[in-house]
Amino acid sequence: MSYPSLEEKLAALKVSEPSDYERSCLDAVSPGDYEIGVQRTADILDEGYEVFMRSSRSQMGVAGDSIVAMFNAQGDLVNASAGTYLHAVIPPIVIKYILKNFRENPGIADGDIWYTNDALYGGIHNPDQVAIMPVFFEGELVAWTAALSHTTETGACEPGGMPVSAKSRFDEGMNLPPMKIGHDHVLRHDVIEMFAAFGLRSETSVTVDLRARCTTADRVRVRLLEMFAREGKDFVTGLFRRMLIEAEQGARKRLASWPDGVYRCATFSDSAGTEHGLMRNCFMTMTKKDDTLHIDFTGTSPENGSSYNAHPQAVIGHLANYIYEYVFHDLPISSATFQPIDFEFPPNSMLSPAPNAATSCAVMAATGAMSSIANCVGRARFATTEWRQVTASLGNGGNASVLAGVSQWGMPFADMLAYTINTEGQGARSHSDGINAYGFPWCAFGRAPDVENMENELPMLVPFSQHWPDSGGAGKHRGGVGTAQLWVTHHVPYVIFMSIADNSIVQTPQPLFGGYTMCTCPGLSMEGVDIPELLRAGDEGTLDLASLLAGKYGGEIVSETYARTARPVMSDQVITLGISTGGAGYGDPLDRDPQAVEKDVTDGLISEWSATNVYAVRFDERTGRVDQESTSAFRREVLAERKARGKTWDEFHEGWSRRKPPEEVLNLYGSWPDAAVVNPLMRM
Amino acid sequence: MPNTIHVAEYLDLDVDSERWHCHSCGHDVGDARDNYKKGLLIYERDPSEVHPPLIDGEFTFAPNPEWIRILEFYCPGCGRQVETEYLPPGHPITHDTEIDLDSLKRKLASGQLRINEHGKLEVAK
């Protein structure tokens, strides 16, 4: 085997040296023409992105959890349209691998369709799949195009593509190294049949999404060829190289204004697949020097025997989610923007596991990295004129639920329910609250499906969708709240349900500058209540999360971890209460405007309990409005109490440094407290 | 105008004296070459005091207090909650911000960086 080493992967992320020909083409791109050329690439990619969403079948594909990209002939990412920034910087690893290993056999030719979903070779996890096409102009390889998206079935040991019970990569279904699946612009029928076989649980989604990727990559290829024909090879070649140069310059300029220094963040999670245990799922040390960043993950917990591991380039992809959304938001999605950033991964950590590791839940393993980058960058950046871009961490819960079975239309299906993951709360911003139900931290432009669409596509009833009170972290600026949806099996005898998460015992994101993070997310279902019958009866009242938790409609709440292995749920029974986490809070809650607290209570975004006990707001019992005078006095009392009860550093450490979590919850952690590898991990 | 940078919501850095100060009340929080948290008061909370359990059982919407605690860092001068950190009991407190003062002073002196009227760093034009 010749899968790329960590060093080769990191090297492939760097922009290739320009050839003499490329340098000579730079002069062909004059100011004005350059800007028009850049916009043209964006227009081509946006068209591709639209084609992609309209051609996809799975909920994630329709939601826009995808990216469409173009590369120069060497495989450097020049520009992309997203979707999700998750795949923004890593496809060059795959293209450069193809160029290095397969140029002679099987050869790279016009009309090829290449494909991979194997994270060992440069992807995120095997549900994330990419179709890649070389672009030949007048017989010469001049560029590459790619279309990447998440498909929710891979033929793994559980439905949905992200099996929580997988122990090694051999439990994860289809893992295709980079391979040619079509030639002469035709997708091979035997390959389609292979996809159908691996996707037996959801053949339509798998094969339609496969074709959607190929169609999209080809559309971008065709448009690029039109551009080459119209503008000339010298111009497009020079344009691509200048875009890389300018993107790198833009990134370096941005970093240069931050104060040099070292910024750190430690985050934690509570499970690896079905095994519970405390993990330091990220220990990030970010060193900023001049116009460069060095990001070191040393101190992150060891790899584990579940699917909650992530290969290093997958971790970098997760950092791109935040970096393109908040830091390089005005720069092209390009290999060059990451040129000033270097990475260090400790071997055998959960962020750099062995080749045989299961990584299909890499998105869970990387939540700590996603949260830590927001925290470290926020601390480095607040001192600058860019302070308004500083935010507390997004929710980064990724509480994903999968349904499978045979739909009310008689079609086998396995799909991820896109609503919950696409309605997480945004982290509180340095100047305002986070947006409620802002979206999917993995896919800034993803769209939550309409309930009617969900009920039409899947055999389920969705009696309510609502903001979830107190799910956003408290603070001077509140984290955006997440949502709750009730899901009931409908129209079919049963469905298979499973879900993925790691935030039922502890939450991963750290808050920022004195705020609090969000509450944990239990996995909830109900027994002994017939929801369809309740709806048919039409009694007065409001069916919502609070009324169900309070037992207003009877039944018994069953509380587990949010991550649950596959199980059947019979007709008209509650599948689960799908909840999406809110965003982390920013600043001291005592600094929050009392009127904003009152409005939050009125709008159902926080509870009266939080208003009183966390925000220290007093209300006039007669009017229900804020009592400003009483609130001010109460807050002065709390400030004084803090000064009285707080301990100095030395006093605090007398007791604190002798403590430790219970030994039985440190099974996944590594050595205490530095999280180093203790024992080698054996996988079958 | 003092050579002061507003480095965090509740933290200023006096570049000349190399001291951290509370942004709200000006209290001297300590040596800027050291962890600013050493100059703050620390209080440990059971997370359920901020995230109350909403249901019975093991998984309640509240973090498990045996696994994780909330550390609150207060300004000794005004009581402002400068920082919070969710840590397992006994876990070392994170030294989250370690500004390279020598580099900062060098860049300010050379004119590469300047501090604007709002106490924010910007690259000199």
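**Close-up views of a predicted two-chain model**

**View 1. The interface of chain A and chain B.** Chain A and chain B together bury about 6300 Å², with 61% of that area on carbon and sulfur atoms, in what is a predicted model. The size of an interface is often given as the accessible area lost when the parts come together. Within chain A, the residues that lose the most area to chain B are Tyr516(A), Trp649(A) and Trp656(A), which together account for 12% of what that side buries. The contact draws 74 residues from chain A and 71 residues from chain B.

**View 2. Polar contacts and salt bridges across the interface.** The rule finds 9 salt bridges across the interface of chain A and chain B, and it also finds 37 residue pairs in polar contact there, both residues being at pLDDT 80 or more. A salt bridge between the chains is formed by Glu72(B) and Arg645(A), whose closest N and O atoms lie 3.7 Å apart.

**View 3. The side of chain A that touches chain B.** Two or more residues each are given to this side by the strands β8 (261–272), β9 (275–289), β18 (522–527) and β19 (556–561) and by the helices α19 (628–645) and α20 (649–656) of chain A. Of the elements on the side of chain A that touches chain B, β8(A) gives the most, with 8 residues. Sorted by class, the side of chain A that touches chain B has 39 nonpolar, 18 polar and 17 charged residues.

**View 4. The crossing of helices α8 and α9 in chain A.** Helix α8 (residues 203–231) and helix α9 (residues 233–256) of chain A have axes that come within 6 Å and cross at roughly 120°, and α8(A) is therefore oblique to α9(A). On the α8(A) side the contact is made by Leu224(A), Met227(A), Phe228(A) and Glu231(A), while α9(A) contributes Lys233(A), Phe235(A), Val236(A), Thr237(A), Leu239(A) and Phe240(A). By class, the contact of α8(A) with α9(A) has 7 nonpolar, 1 polar and 2 charged residues.

**View 5. A salt bridge between distant parts of chain A.** Over all chains, the count by this rule comes to 55 salt bridges. Lys14(A) forms a salt bridge with Asp342(A), the closest N and O atoms being 3.0 Å apart. Lys14(A) sits in the loop between α1 (6–12) and α2 (20–25) of chain A, whereas Asp342(A) belongs to strand β11 (residues 341–344) of chain A, so that the pair links parts of the chain 328 residues apart.

**View 6. Backbone details in chain A.** A cis peptide bond, with omega of about 15°, joins Ala82(A) and Gly83(A), and Gly83(A) is found in the loop between β2 (77–82) and α5 (91–101) of chain A. A cis peptide bond also joins Asn105(A) and Pro106(A), where omega is about 15°, and Pro106(A) is found in helix α6 (residues 103–107) of chain A. Asn348(A), although not a glycine, has a positive phi of about 60°, and Asn348(A) is found in the loop between β11 and α11 (362–365) of chain A.

Terms used. Residues numbered from 1 in each chain as written. Chains lettered and ligands numbered in written order. Predicted model: local features only at pLDDT ≥ 70, side-chain atom pairs only at ≥ 80, totals over all residues. Heavy atoms only, no water. Axes fitted to C-alpha atoms, helices over the stretch in contact; angles between N-to-C directions. Helix = DSSP H or I, 4+ residues; strand = E, 2+ residues; numbered from the N terminus. Parallel < 35°, antiparallel > 145°, perpendicular 65-115°, else oblique. Contact = heavy atoms within 4.5 Å. Nonpolar A, V, L, I, M, F, W, Y, C, P; charged D, E, K, R; others polar. Buried area = accessible area lost by both parts, 1.4 Å probe. Salt bridge = Lys/Arg side-chain N within 4 Å of Asp/Glu carboxyl O. Polar contact = N/O pair within 3.5 Å; in protein donor to acceptor, adjacent residues only side chain to side chain.
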